[in-house]
Amino acid sequence: MMEIVGNIIIGIGLVFMAFGVLGLYKFKDFYLRLLVLAKIDTVGAITFMVGIIIRHGFSFFSLKVFLIMVLFLILNPLTAHIIARTAYLSIEGITQDQDDGRGGR
Amino acid sequence: MIYVLLIFWITSAILAIQARKLIRIIVYLAIFSTISAVCFFMFGAPDVAMAEVAVSSFSTVFMIVCFEKYFTLVTDVSPDAPKDLKFRYKLSKILPPVVFTLILAGLFIYFIPEGTVNTYLKDLYLERFRFDVGGENAVTSIYLGFRVYDTLFEALMLLISVVGVAHMSCRSEHEISGENFSGVTKSDSVDVYTIRIICPAMLIFGMYLVLNGHVSAGGGFQGGIAIASFFICRYLIYNVYDVRYGKIMSFEKMTFAAIALLASLFIFLGFYVQFPQIRTAYLISMNMLIAMKVSFGFIIIFYRYIAFERR
Amino acid sequence: MNYEIVEIFAIALFFISLFGLITSKGVIKGIVSMIIMEIAVVMFFLSLGFQTGILPPIGAELGDNVADPLPQALMITAIIIGVAVTAINMTMLIALSRQFKTTEWDILKKKNME
């Protein structure tokens, strides 16, 4: 029973990640892409790890996964924040016209 | 599964070789190192995978620091190279390397040794490492027990490399003034507070890797790089240069002397056979000394890159 | 042909990066090719005797399907030495670009001739 619930939650996490990758190709603006990227890392990975914890039951292994989850929860918004802030401070005016959609400037 | 990963691996390597912008080279190299670490894990080598991940993240940071100071990240790698050449000229440039590489590869394939892989040493080590050296990690037992010469000379190589970096970078600028050397923008309070939460976790993780190196995956090298990354993170956030460079340098040399002394005492003078009850203490202390050595070396290398004068 | 597919990948990447090293126009590409070459060598040594579902040589009871610990112990030191070599390369690159203001092999040769 727990395995089925865990598999379903892992599948939901994969769906989050797939939508994130889709959005990465759909949006051309830098900040929108950063938003989508943060969503992949935070929501997708955390849902994935919750699924793994539920699937394995509560043991020492799931405690380690929980610690990794807490680190993800702290670090991923931080990296997104640092990237957005540095881009805002150092690159003046990234717009849709200048970004060719291939990552170059 | 492993073949899909290998195809991605080789593709990212080719992209890194042929890319023209520095930032793309760095990103492709990071992808390449991460995929190779996953491949190492699938080959049953978690220690090597951990070392590869740690080294790749470290070297990504110092490549960015080094390139950002001296070159511009978004321009071409070779801006001075002549463009619009004729096809025949290009062909005459590209044909000899192709032929040379193909000849070397052909020789390599022609002289393949016959037979299968010899498993004598593998069986011997796997059978005897628990009784001869101790510990439960065969890899740690090998590089601290059976083949301790390799570890000694690796530490010597790292020491020589650190001395070389310190010798070739110019010395006078950084020790006089304590001003900011970095080109990054100043960090705000969100970064500082979050890193204050994270930094103890990084140190604890490094110490965990070092202290559990003989029973589980990990060891001196990986833990040493994790501890060094704590200091690098501290620099990147607080943006201060208050490392006493000469003291760390002499500490590193003393650590190398301690490693050599301990290894020669235990392995070559036969303490190992006389006192079997302190084998675990030997493994843990050797791992800690190696971790100190590696972290000192990497801190010196990173801070020398930071302290280079700007162009 | 006694080689497995995994080992052939590693050998192919070694020769590709050798080709990149020969044809590199600048010093930076040479350094990048050397990094990739080193990791390809590590991959070749680790992939010897690869089977699907192989286990790491850690633990009290080791079964039959266990990886070879000797190349792993050697390759950890090889990776650390590799990053030391990369650091030395970077330092020489910076010294070179400070002295000659360029990192191109052709221009460097010309400046060295003068």
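This is a predicted model: local features need pLDDT of at least 70, side-chain atom pairs count only at pLDDT 80 or more; totals for chains, interfaces and linings use all residues.
The expected span of a helix is 1.5 Å times one less than its number of residues.

**A helix in chain B**

Helix 10 of chain B covers residues 220–238, which makes 19 residues. From its first C-alpha to its last it reaches 27 Å, close to the 27 Å expected at 1.5 Å a residue. What about its surroundings? Of the 19 residues in helix 10 of chain B, 14 are buried, so this helix is largely enclosed by the rest of the structure.

**Where chain C meets chain B**

Now let's look at the place where two chains touch. On one side are 72 residues of chain C, and they are in contact with 90 residues of chain B. Together, the two chains bury about 7,100 Å² between them, and carbon and sulfur atoms give 81% of that area. How many salt bridges are there between chain C and chain B? The count is zero. Polar contacts do turn up, though: five residue pairs between chain C and chain B, with both residues at pLDDT 80 or more.

Which helices of chain C take part? Helix 1 (5–22), helix 2 (27–46) and helix 3 (69–100) each supply at least two residues to the side of chain C that touches chain B. Helix 3 of chain C gives the most, with 23 residues.

Here is that side of chain C again, sorted by residue class:

| Class on the side of chain C touching chain B | Count |
|---|---|
| Nonpolar | 52 residues |
| Polar | 15 residues |

**A closer look at Ser33(C)**

Let's zoom in on a single residue. Ser33(C) sits in helix 2 of chain C. Is Ser33(C) buried or exposed? Its relative accessibility is 1%, and buried means under 20%, so Ser33(C) counts as buried. A polar atom of the Ser33(C) side chain lies 2.9 Å from the backbone oxygen of Lys29(C). Leaving aside residues up to four places away in sequence, Ser33(C) touches Ser17(C), Gly20(C) and Leu21(C), along with Ile17(B) from chain B.

**And chain A?**

Chain A has 105 residues, and 28% of them count as buried. What about contacts within the chain? Take those in chain A between residues at least 6 apart in sequence: 68% of them join residues at least 24 apart.

Note on methods
Residues are numbered from 1 along each chain as its sequence is written. Chains are lettered from A and ligands numbered from 1 in the order in which they are written. Side-chain values use heavy atoms; hydrogens and water are left out. Contact means heavy atoms within 4.5 Å. Buried area is the accessible area (1.4 Å probe) that two parts lose on being put together, summed over both. A salt bridge is a side-chain nitrogen of Lys or Arg within 4 Å of a carboxyl oxygen of Asp or Glu. A polar contact is a pair of N or O atoms within 3.5 Å; within protein, one must be able to donate a hydrogen and the other to accept it, and residues adjacent in sequence count only if both atoms are side-chain atoms. Helices (H or I, at least four residues) and strands (E, at least two) are DSSP runs, numbered from the N terminus. Ala, Val, Leu, Ile, Met, Phe, Trp, Tyr, Cys and Pro count as nonpolar, Asp, Glu, Lys and Arg as charged, and the others, Gly among them, as polar. Buried means under 20% relative accessible area, exposed over 50%, partly exposed in between (1.4 Å probe, protein chains only).
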